[in-house]
Amino acid sequence: MKKIFFISLAVVIATVAAYFIFFKEPTFKAKNGYLNNIDDKGVIIEGYDPVAYFTDNKPTKGNAKFTAEYNGATYWFVSAEHADLFKKEPAKYAPQYGAFCGYAVSIGKLRPVDPTIYQIENGRLILQHTKEAYDLFNENLKSSIIKADQNWPGIVANHVGKPVKYDEKAKPTASSN
């Protein structure tokens, strides 16, 4: 009987540990009055170089030796040249909506992003959580951007100074956008 109890206890502990390690999305605090999708070190876009999306037309992992701070987030770059470009015009290269999913913001939510799912629209870098989010956002791109732009200030106001936790995944509907 004791053996079954200890095996059951070990399974429960392993399951809980796996949840916290692999499935629980992070909770973090908005930093310095800015709401950014940053890791525990304050790095945004999972360390991808925001300038590379524009200059190289692809997501490229940056290097911690080339950094810049902007609006409460640390950015990594592939080179000193990219870091300098960013420092001269950070608003030009910084991702929209604090590097949260553009589609989620358009429906009033916060979701993480996959830095490889992106678009540059009217000179703005917009990242998405999944390919499905990308597709839904682009069903009516103009309307989605308008909604995201309108929702963003309220989302920031609701989260700044508080622990930030991602919202539940959206259940897309035909009337979402």
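## Contact between α6 and α7

Leu136, Phe137, Asn138 and Glu139 in α6 meet Leu141, Ser144 and Ile145 in α7, where contact means heavy atoms within 4.5 Å and helices (H or I, at least four residues) and strands (E, at least two) are DSSP runs, numbered from the N terminus. The two helices, α6 and α7, pack at an angle of about 100°, with their axes 5 Å apart; the axes are lines fitted to C-alpha atoms, for helices over the stretch in contact, and angles run from 0 to 180 degrees between N-to-C directions. That makes α6 roughly perpendicular to α7, a label given to angles of 65 to 115 degrees, while angles under 35 degrees count as roughly parallel, over 145 as roughly antiparallel and the rest as oblique.

This is a predicted model, in which local features need pLDDT of at least 70 and side-chain atom pairs count only at pLDDT 80 or more, whereas totals for chains, interfaces and linings use all residues. Residues are numbered from 1 along each chain as its sequence is written, and side-chain values use heavy atoms, with hydrogens and water left out.

Ala148 lies in helix α7 and is buried, with a relative accessible area of 0%; buried means under 20% relative accessible area, exposed over 50% and partly exposed in between (1.4 Å probe, protein chains only). Not counting residues up to four places away in sequence, Ala148 touches Tyr97, Gly102, Val105 and Ser106. The C-alpha atoms of Ala148 and Phe137 are separated by 9.8 Å, the two residues being 11 apart along the chain.

With the same exclusion of residues up to four places away in sequence, Trp152 touches Leu35, Tyr97, Gly98, Phe100, Val105 and Leu110. Tyr97 and Trp152 are both buried.

## Helix α3

In helix α3 (residues 80-88), His82, Ala83 and Phe86 are buried. Seen down the axis of α3, these buried residues fall within an arc of 100°, so they line one face of the helix, the arc being that of the directions from the helix axis to the C-beta atoms. The buried residues of α3 pack against α2 (50-55), β2 (63-70), β3 (73-77) and α4 (90-93), while the face turned away from the buried side carries the exposed residues Glu81 and Lys88.

## Aromatic pairs

The structure holds seven aromatic pairs, counted when rings of Phe, Tyr and Trp (its six-membered ring) have centres within 6.5 Å, with planes under 30 degrees apart taken as stacked, over 60 as edge-to-face and the rest as tilted. The rings of Tyr70 and Phe86 have their centres 5.9 Å apart and their planes at 90°, so this pair is edge-to-face. Tyr70 lies in strand β2 and Phe86 in helix α3, so the pair ties together parts that are 16 residues apart in sequence. Tyr70 is partly exposed, with a relative accessible area of 21%, whereas Phe86 is buried, at 1%.

Tyr97 and Trp152 also form an edge-to-face pair, 6.1 Å centre to centre with 70° between the planes. This pair links distant parts of the chain, 55 residues apart, with Tyr97 in the loop between α4 and α5 (102-106) and Trp152 in helix α7 (residues 141-159). Tyr70, Tyr75, Phe77 and Phe86 form one aromatic cluster.

## Nonpolar core

The largest nonpolar core has 39 residues, and those with the most contacts inside it are Leu35, Ile45, Tyr75, Phe86 and Trp152; such a core is a set of buried Ala, Val, Leu, Ile, Met, Phe, Trp, Tyr and Cys residues joined through side-chain atoms within 4.5 Å. The elements that give two or more residues to this core are α2, β3, α3, α5, β5 (124-128), α6 (131-139) and α7, and α7 gives the most, with six residues.
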